[in-house]
Amino acid sequence: MCEQDHVRGNGYPDGLGVRQDSGMERVRDVSELPKAHLHLHFTGSMRPGTVLELADKYGVRLPETLSEALTSGEPPRLRATDERGWFRFQRLYDAARSCIREAEDIRRLVREAAEEDVKDGSGWLEIQVDPTSYAPRLGGLIPTLEIILDAVESAARETGLGMRVLVAANRMRHPLDARTLARLAVRYADRGVVGFGLSNDERRGMARDFDRAFAIAREGGLLSAPHGGELAGPSSVRDCLDDLHATRIGHGVRAADDPRLMKRLAERGVTCEVCPASNVALGVYDKPEDVPLRTLYEAGVPLALGADDPLLFGSRLADQYELARRHHAFTDEELAELARHSIRGSAAPEDVRQKLLSGVDDWLAS
Ligand SMILES: [Zn+2]
(Lines give C-alpha, C1' and ligand atoms only; values in the text may rest on other atoms or scores of the structure.)
Protein backbone atom coordinates (compact mmCIF):
# COMPACT_ATOMS: atom_id res chain seq x y z
CA MET A 1 0.00 0.00 0.00
CA CYS A 2 1.30 3.39 -0.81
CA GLU A 3 1.75 6.10 1.74
CA GLN A 4 -1.22 8.43 1.71
CA ASP A 5 -1.02 12.14 1.87
CA HIS A 6 -2.79 12.84 5.13
CA VAL A 7 -4.72 15.84 3.91
CA ARG A 8 -8.35 15.07 3.34
CA GLY A 9 -9.94 16.49 0.25
CA ASN A 10 -7.00 16.22 -2.11
CA GLY A 11 -4.95 13.36 -0.77
CA TYR A 12 -7.00 10.44 -2.02
CA PRO A 13 -7.43 9.05 -5.47
CA ASP A 14 -10.77 9.85 -7.09
CA GLY A 15 -13.77 7.63 -6.81
CA LEU A 16 -13.08 6.18 -3.38
CA GLY A 17 -16.05 7.75 -1.72
CA VAL A 18 -14.06 9.65 0.89
CA ARG A 19 -15.89 12.34 2.80
CA GLN A 20 -14.86 15.35 0.84
CA ASP A 21 -14.57 17.93 3.58
CA SER A 22 -13.57 21.28 2.32
CA GLY A 23 -10.41 22.95 3.44
CA MET A 24 -7.22 21.36 4.61
CA GLU A 25 -8.42 19.55 7.73
CA ARG A 26 -5.76 17.21 9.10
CA VAL A 27 -6.62 13.55 9.13
CA ARG A 28 -5.24 11.46 11.96
CA ASP A 29 -3.00 8.60 10.89
CA VAL A 30 -4.82 5.28 11.48
CA SER A 31 -1.51 3.48 11.82
CA GLU A 32 -0.98 5.50 15.01
CA LEU A 33 -4.36 4.54 16.45
CA PRO A 34 -3.76 1.93 19.21
CA LYS A 35 -5.74 -1.22 18.49
CA ALA A 36 -5.84 -4.99 18.97
CA HIS A 37 -5.55 -7.42 16.10
CA LEU A 38 -7.73 -10.46 16.66
CA HIS A 39 -7.91 -12.09 13.24
CA LEU A 40 -4.62 -12.99 11.62
CA HIS A 41 -3.66 -16.44 10.35
CA PHE A 42 -0.17 -17.79 10.77
CA THR A 43 0.94 -18.46 7.17
CA GLY A 44 -1.29 -15.67 5.88
CA SER A 45 0.62 -13.15 7.99
CA MET A 46 3.86 -13.66 6.05
CA ARG A 47 5.61 -10.99 4.07
CA PRO A 48 5.60 -11.82 0.35
CA GLY A 49 9.39 -11.49 0.17
CA THR A 50 9.80 -13.99 2.99
CA VAL A 51 7.74 -16.63 1.18
CA LEU A 52 9.80 -16.09 -1.97
CA GLU A 53 13.06 -16.39 -0.03
CA LEU A 54 11.95 -19.53 1.76
CA ALA A 55 10.67 -21.09 -1.48
CA ASP A 56 14.11 -20.45 -2.89
CA LYS A 57 15.84 -21.87 0.19
CA TYR A 58 13.89 -25.15 -0.01
CA GLY A 59 13.52 -25.37 -3.80
CA VAL A 60 9.71 -25.17 -3.57
CA ARG A 61 8.01 -24.48 -6.90
CA LEU A 62 5.22 -22.08 -6.07
CA PRO A 63 2.10 -22.02 -8.27
CA GLU A 64 2.54 -19.34 -10.92
CA THR A 65 -0.46 -17.34 -9.66
CA LEU A 66 1.18 -17.12 -6.26
CA SER A 67 4.72 -16.28 -7.32
CA GLU A 68 3.40 -13.64 -9.72
CA ALA A 69 1.25 -12.12 -7.00
CA LEU A 70 4.10 -12.11 -4.49
CA THR A 71 6.52 -10.56 -6.96
CA SER A 72 4.17 -7.93 -8.34
CA GLY A 73 2.42 -7.05 -5.08
CA GLU A 74 -0.92 -7.48 -6.90
CA PRO A 75 -3.06 -9.91 -4.89
CA PRO A 76 -4.23 -12.95 -6.88
CA ARG A 77 -7.78 -12.90 -8.20
CA LEU A 78 -9.81 -15.24 -6.07
CA ARG A 79 -13.45 -16.02 -5.76
CA ALA A 80 -14.12 -18.35 -2.88
CA THR A 81 -17.88 -18.15 -2.95
CA ASP A 82 -18.04 -21.55 -4.60
CA GLU A 83 -16.17 -24.67 -3.50
CA ARG A 84 -13.81 -24.64 -6.46
CA GLY A 85 -12.80 -21.08 -5.77
CA TRP A 86 -12.25 -21.87 -2.11
CA PHE A 87 -10.15 -24.86 -3.08
CA ARG A 88 -8.01 -22.64 -5.30
CA PHE A 89 -7.50 -20.23 -2.41
CA GLN A 90 -6.54 -23.13 -0.12
CA ARG A 91 -4.07 -24.41 -2.72
CA LEU A 92 -2.22 -21.09 -2.74
CA TYR A 93 -2.31 -21.01 1.04
CA ASP A 94 -0.93 -24.57 1.27
CA ALA A 95 1.86 -23.71 -1.17
CA ALA A 96 2.93 -20.78 0.99
CA ARG A 97 2.70 -22.96 4.10
CA SER A 98 4.94 -25.62 2.54
CA CYS A 99 7.79 -23.07 2.63
CA ILE A 100 7.84 -23.17 6.43
CA ARG A 101 9.97 -26.11 7.41
CA GLU A 102 12.28 -25.33 10.29
CA ALA A 103 11.96 -23.76 13.71
CA GLU A 104 14.01 -20.85 12.39
CA ASP A 105 11.32 -20.15 9.74
CA ILE A 106 8.63 -20.09 12.41
CA ARG A 107 10.66 -17.64 14.49
CA ARG A 108 11.11 -15.40 11.47
CA LEU A 109 7.41 -15.53 10.56
CA VAL A 110 6.31 -14.63 14.09
CA ARG A 111 8.85 -11.84 14.48
CA GLU A 112 7.90 -10.30 11.13
CA ALA A 113 4.17 -10.57 11.90
CA ALA A 114 4.82 -8.72 15.16
CA GLU A 115 6.91 -6.05 13.40
CA GLU A 116 4.20 -5.46 10.79
CA ASP A 117 1.56 -5.18 13.49
CA VAL A 118 3.57 -2.67 15.48
CA LYS A 119 3.94 -0.54 12.33
CA ASP A 120 0.16 -0.56 12.04
CA GLY A 121 -0.46 0.65 15.57
CA SER A 122 -1.37 -2.70 17.04
CA GLY A 123 -0.63 -3.05 20.73
CA TRP A 124 -1.98 -6.58 21.02
CA LEU A 125 -1.96 -9.42 18.50
CA GLU A 126 -3.70 -12.77 18.74
CA ILE A 127 -2.32 -14.93 15.95
CA GLN A 128 -4.25 -17.98 14.85
CA VAL A 129 -2.54 -21.27 14.04
CA ASP A 130 -3.36 -24.89 13.36
CA PRO A 131 -0.11 -26.60 14.38
CA THR A 132 -1.17 -29.85 12.60
CA SER A 133 0.22 -28.85 9.22
CA TYR A 134 3.69 -28.00 10.57
CA ALA A 135 3.86 -30.93 12.97
CA PRO A 136 5.28 -33.61 10.62
CA ARG A 137 8.39 -31.52 9.91
CA LEU A 138 8.89 -30.29 13.45
CA GLY A 139 8.61 -33.49 15.45
CA GLY A 140 4.90 -33.57 16.26
CA LEU A 141 2.15 -31.36 17.63
CA ILE A 142 3.67 -30.64 21.02
CA PRO A 143 7.12 -29.57 19.82
CA THR A 144 5.47 -27.48 17.09
CA LEU A 145 3.26 -25.59 19.50
CA GLU A 146 6.22 -25.10 21.84
CA ILE A 147 8.33 -23.66 19.02
CA ILE A 148 5.47 -21.30 18.13
CA LEU A 149 4.91 -20.18 21.73
CA ASP A 150 8.64 -19.63 22.28
CA ALA A 151 8.75 -17.60 19.08
CA VAL A 152 5.77 -15.53 20.24
CA GLU A 153 7.40 -14.87 23.60
CA SER A 154 10.65 -13.71 21.98
CA ALA A 155 8.88 -11.58 19.37
CA ALA A 156 6.79 -9.93 22.07
CA ARG A 157 9.93 -9.19 24.08
CA GLU A 158 11.83 -7.84 21.07
CA THR A 159 9.05 -5.66 19.65
CA GLY A 160 7.11 -4.66 22.78
CA LEU A 161 3.89 -5.97 21.22
CA GLY A 162 1.54 -7.96 23.45
CA MET A 163 1.09 -11.23 21.62
CA ARG A 164 -0.85 -14.44 22.21
CA VAL A 165 -2.01 -17.48 20.26
CA LEU A 166 -5.33 -18.94 19.19
CA VAL A 167 -5.13 -22.62 18.34
CA ALA A 168 -7.52 -23.28 15.46
CA ALA A 169 -8.94 -26.61 14.38
CA ASN A 170 -9.66 -27.34 10.74
CA ARG A 171 -13.29 -27.94 9.80
CA MET A 172 -12.23 -30.22 6.97
CA ARG A 173 -10.66 -32.69 9.41
CA HIS A 174 -12.29 -35.12 11.81
CA PRO A 175 -13.87 -33.66 14.98
CA LEU A 176 -11.63 -36.01 17.01
CA ASP A 177 -8.60 -34.14 15.68
CA ALA A 178 -10.22 -30.95 16.94
CA ARG A 179 -10.58 -32.48 20.41
CA THR A 180 -6.89 -33.41 20.43
CA LEU A 181 -6.03 -29.84 19.52
CA ALA A 182 -8.38 -28.43 22.15
CA ARG A 183 -6.68 -30.51 24.85
CA LEU A 184 -3.29 -29.38 23.61
CA ALA A 185 -4.43 -25.74 23.58
CA VAL A 186 -5.69 -25.99 27.17
CA ARG A 187 -2.42 -27.54 28.28
CA TYR A 188 -0.61 -24.44 27.07
CA ALA A 189 -3.13 -21.93 28.39
CA ASP A 190 -0.60 -20.56 30.85
CA ARG A 191 2.08 -20.32 28.18
CA GLY A 192 0.37 -18.02 25.71
CA VAL A 193 -2.66 -19.81 24.25
CA VAL A 194 -5.76 -17.71 24.89
CA GLY A 195 -8.40 -19.11 22.57
CA PHE A 196 -9.67 -21.87 20.36
CA GLY A 197 -10.87 -21.40 16.79
CA LEU A 198 -12.31 -23.31 13.87
CA SER A 199 -11.40 -22.42 10.31
CA ASN A 200 -11.68 -23.49 6.69
CA ASP A 201 -14.81 -23.98 4.56
CA GLU A 202 -17.91 -23.18 6.65
CA ARG A 203 -20.07 -24.97 4.14
CA ARG A 204 -18.48 -28.27 5.21
CA GLY A 205 -19.65 -30.13 8.28
CA MET A 206 -21.76 -28.74 11.09
CA ALA A 207 -20.51 -26.51 13.88
CA ARG A 208 -22.05 -28.91 16.39
CA ASP A 209 -19.72 -31.70 15.19
CA PHE A 210 -17.06 -29.70 17.03
CA ASP A 211 -19.03 -28.98 20.19
CA ARG A 212 -16.99 -31.35 22.38
CA ALA A 213 -13.72 -29.77 21.27
CA PHE A 214 -15.07 -26.32 22.11
CA ALA A 215 -16.40 -27.52 25.45
CA ILE A 216 -12.90 -28.77 26.33
CA ALA A 217 -11.44 -25.42 25.32
CA ARG A 218 -14.00 -23.39 27.29
CA GLU A 219 -13.68 -25.56 30.38
CA GLY A 220 -9.93 -24.97 30.14
CA GLY A 221 -10.49 -21.22 30.28
CA LEU A 222 -9.98 -20.45 26.60
CA LEU A 223 -12.18 -18.16 24.61
CA SER A 224 -14.26 -19.65 21.84
CA ALA A 225 -13.66 -17.95 18.48
CA PRO A 226 -14.83 -20.06 15.53
CA HIS A 227 -15.17 -18.75 11.97
CA GLY A 228 -18.78 -18.22 10.90
CA GLY A 229 -20.91 -15.96 8.74
CA GLU A 230 -18.32 -15.51 6.01
CA LEU A 231 -18.98 -18.08 3.29
CA ALA A 232 -22.25 -19.22 4.82
CA GLY A 233 -25.19 -17.07 5.92
CA PRO A 234 -26.52 -15.91 9.31
CA SER A 235 -27.43 -19.46 10.33
CA SER A 236 -23.72 -20.31 10.53
CA VAL A 237 -23.28 -17.48 13.06
CA ARG A 238 -26.26 -18.77 15.07
CA ASP A 239 -24.67 -22.24 15.08
CA CYS A 240 -21.44 -20.77 16.47
CA LEU A 241 -23.42 -19.11 19.28
CA ASP A 242 -25.73 -22.03 20.07
CA ASP A 243 -23.44 -25.01 19.57
CA LEU A 244 -19.98 -23.62 20.29
CA HIS A 245 -20.91 -20.83 22.75
CA ALA A 246 -18.77 -18.44 20.76
CA THR A 247 -17.52 -15.39 22.61
CA ARG A 248 -16.12 -14.06 19.34
CA ILE A 249 -16.92 -14.83 15.72
CA GLY A 250 -14.31 -15.01 12.98
CA HIS A 251 -15.83 -12.72 10.32
CA GLY A 252 -19.55 -12.87 11.17
CA VAL A 253 -20.34 -10.25 8.50
CA ARG A 254 -23.31 -12.21 7.18
CA ALA A 255 -25.07 -11.56 10.50
CA ALA A 256 -25.92 -8.24 8.86
CA ASP A 257 -28.58 -10.11 6.87
CA ASP A 258 -30.52 -10.79 10.08
CA PRO A 259 -31.47 -7.91 12.42
CA ARG A 260 -32.49 -10.25 15.25
CA LEU A 261 -29.14 -11.96 15.12
CA MET A 262 -27.33 -8.62 15.18
CA LYS A 263 -29.37 -7.67 18.24
CA ARG A 264 -28.31 -10.90 19.92
CA LEU A 265 -24.62 -10.31 19.13
CA ALA A 266 -24.90 -6.75 20.41
CA GLU A 267 -26.69 -7.73 23.62
CA ARG A 268 -24.25 -10.50 24.41
CA GLY A 269 -21.25 -8.39 23.44
CA VAL A 270 -19.97 -11.01 20.99
CA THR A 271 -17.21 -9.40 18.94
CA CYS A 272 -17.15 -10.06 15.21
CA GLU A 273 -13.63 -10.15 13.79
CA VAL A 274 -14.46 -8.40 10.54
CA CYS A 275 -11.89 -8.51 7.73
CA PRO A 276 -13.18 -6.22 4.98
CA ALA A 277 -10.30 -6.54 2.50
CA SER A 278 -10.46 -10.32 2.80
CA ASN A 279 -14.21 -10.27 2.15
CA VAL A 280 -13.67 -8.40 -1.09
CA ALA A 281 -10.64 -10.46 -2.15
CA LEU A 282 -12.60 -13.69 -1.69
CA GLY A 283 -15.73 -12.40 -3.38
CA VAL A 284 -17.94 -12.48 -0.27
CA TYR A 285 -18.77 -8.89 -1.26
CA ASP A 286 -18.03 -7.31 -4.62
CA LYS A 287 -16.75 -3.95 -3.47
CA PRO A 288 -15.35 -2.50 -0.23
CA GLU A 289 -18.48 -0.36 0.16
CA ASP A 290 -20.65 -3.51 0.08
CA VAL A 291 -19.09 -4.94 3.27
CA PRO A 292 -21.83 -4.21 5.86
CA LEU A 293 -19.55 -2.39 8.30
CA ARG A 294 -22.05 0.41 8.93
CA THR A 295 -24.99 -1.95 9.36
CA LEU A 296 -23.16 -3.99 11.98
CA TYR A 297 -21.74 -0.92 13.70
CA GLU A 298 -25.07 0.88 13.88
CA ALA A 299 -26.70 -2.28 15.27
CA GLY A 300 -24.22 -2.15 18.15
CA VAL A 301 -22.31 -5.31 17.22
CA PRO A 302 -18.75 -5.06 18.60
CA LEU A 303 -16.33 -5.17 15.65
CA ALA A 304 -12.62 -5.92 15.65
CA LEU A 305 -11.16 -5.22 12.23
CA GLY A 306 -8.59 -7.77 11.08
CA ALA A 307 -6.37 -8.53 8.09
CA ASP A 308 -7.02 -12.30 7.93
CA ASP A 309 -4.34 -13.25 5.34
CA PRO A 310 -2.42 -10.16 4.26
CA LEU A 311 -0.08 -12.37 2.24
CA LEU A 312 -2.88 -13.21 -0.18
CA PHE A 313 -5.12 -10.17 0.17
CA GLY A 314 -2.45 -7.49 -0.09
CA SER A 315 -3.41 -5.32 2.87
CA ARG A 316 -2.62 -5.26 6.55
CA LEU A 317 -4.29 -4.08 9.74
CA ALA A 318 -4.21 -0.28 9.42
CA ASP A 319 -5.53 -0.61 5.86
CA GLN A 320 -8.77 -2.07 7.23
CA TYR A 321 -9.34 1.09 9.29
CA GLU A 322 -8.43 3.19 6.29
CA LEU A 323 -11.02 1.26 4.28
CA ALA A 324 -13.68 1.99 6.91
CA ARG A 325 -12.80 5.67 6.67
CA ARG A 326 -12.72 5.85 2.89
CA HIS A 327 -15.55 3.59 1.87
CA HIS A 328 -17.88 3.86 4.84
CA ALA A 329 -17.15 7.42 5.95
CA PHE A 330 -16.17 6.40 9.49
CA THR A 331 -15.16 9.55 11.34
CA ASP A 332 -12.09 9.58 13.58
CA GLU A 333 -14.41 9.26 16.61
CA GLU A 334 -15.94 6.16 15.04
CA LEU A 335 -12.57 4.70 14.09
CA ALA A 336 -11.47 5.22 17.68
CA GLU A 337 -14.61 3.40 18.80
CA LEU A 338 -13.76 0.49 16.46
CA ALA A 339 -10.29 0.36 18.01
CA ARG A 340 -11.90 0.26 21.48
CA HIS A 341 -14.10 -2.62 20.35
CA SER A 342 -11.01 -4.55 19.26
CA ILE A 343 -9.27 -3.93 22.59
CA ARG A 344 -12.33 -4.86 24.66
CA GLY A 345 -12.88 -8.01 22.57
CA SER A 346 -9.30 -9.17 23.10
CA ALA A 347 -7.87 -11.45 25.74
CA ALA A 348 -5.41 -8.77 26.80
CA PRO A 349 -4.91 -8.40 30.56
CA GLU A 350 -6.53 -5.40 32.25
CA ASP A 351 -3.37 -3.26 32.47
CA VAL A 352 -2.68 -3.68 28.73
CA ARG A 353 -6.31 -2.82 27.90
CA GLN A 354 -6.23 0.31 30.02
CA LYS A 355 -3.00 1.45 28.43
CA LEU A 356 -4.33 0.87 24.91
CA LEU A 357 -7.68 2.50 25.66
CA SER A 358 -6.02 5.61 27.02
CA GLY A 359 -3.80 5.61 23.91
CA VAL A 360 -6.99 5.71 21.84
CA ASP A 361 -8.14 8.81 23.76
CA ASP A 362 -4.73 10.41 23.19
CA TRP A 363 -5.00 9.69 19.46
CA LEU A 364 -8.36 11.43 19.33
CA ALA A 365 -7.04 14.35 21.35
CA SER A 366 -4.05 14.76 19.04
ZN1 LIG B 1 -9.86 -16.29 8.95
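# Questions on a predicted model

Colleague: Among contacts in the protein between residues at least 6 apart in sequence, what percentage join residues at least 24 apart?
Modeller: This is a predicted model, in which local features need pLDDT of at least 70 and side-chain atom pairs count only at pLDDT 80 or more, while totals for chains, interfaces and linings use all residues. Residues are numbered from 1 along each chain as its sequence is written, and side-chain values use heavy atoms, with hydrogens and water left out. A contact means heavy atoms within 4.5 Å. Among contacts between residues at least 6 apart in sequence, the share joining residues at least 24 apart is 73%.

Colleague: What percentage of the 366 residues are buried?
Modeller: A residue is buried under 20% relative accessible area, exposed over 50% and partly exposed in between, with a 1.4 Å probe and protein chains only. Of the 366 residues in the protein, the buried ones make up 59%.

Colleague: How far apart are the end C-alpha atoms of helix α6, and what span should its residues give?
Modeller: Helices (H or I, at least four residues) and strands (E, at least two) are DSSP runs, numbered from the N terminus. The expected span of a helix is 1.5 Å times one less than its number of residues. Helix α6 (residues 141-159) has 19 residues and should therefore span 27 Å, which agrees with its end C-alpha atoms being apart by 27 Å.

Colleague: Are helices α7 and α8 roughly parallel or roughly antiparallel?
Modeller: Axes are lines fitted to C-alpha atoms, for helices over the stretch in contact, and angles run from 0 to 180 degrees between N-to-C directions. Helix α7 (residues 175-187) and helix α8 (residues 211-219) pack with axes 8 Å apart, at an angle of about 5 degrees. Angles under 35 degrees count as roughly parallel, over 145 as roughly antiparallel, 65 to 115 as roughly perpendicular and the rest as oblique. The two helices, α7 and α8, are therefore roughly parallel.

Colleague: Where is C275, and which residues does it touch beyond four places away in sequence?
Modeller: C275 is in the loop between β7 (271-273) and α11 (276-281). C275 counts as buried because its relative accessible area is 0%. Not counting residues up to four places away in sequence, C275 touches H39, H251, G306, A307, D308 and Q320.

Colleague: What phi does H251 have?
Modeller: Most residues other than glycine have a negative phi. H251 lies in strand β6, and its relative accessible area of 1% makes it buried. Although H251 is not a glycine, its phi is positive, at about 80 degrees.
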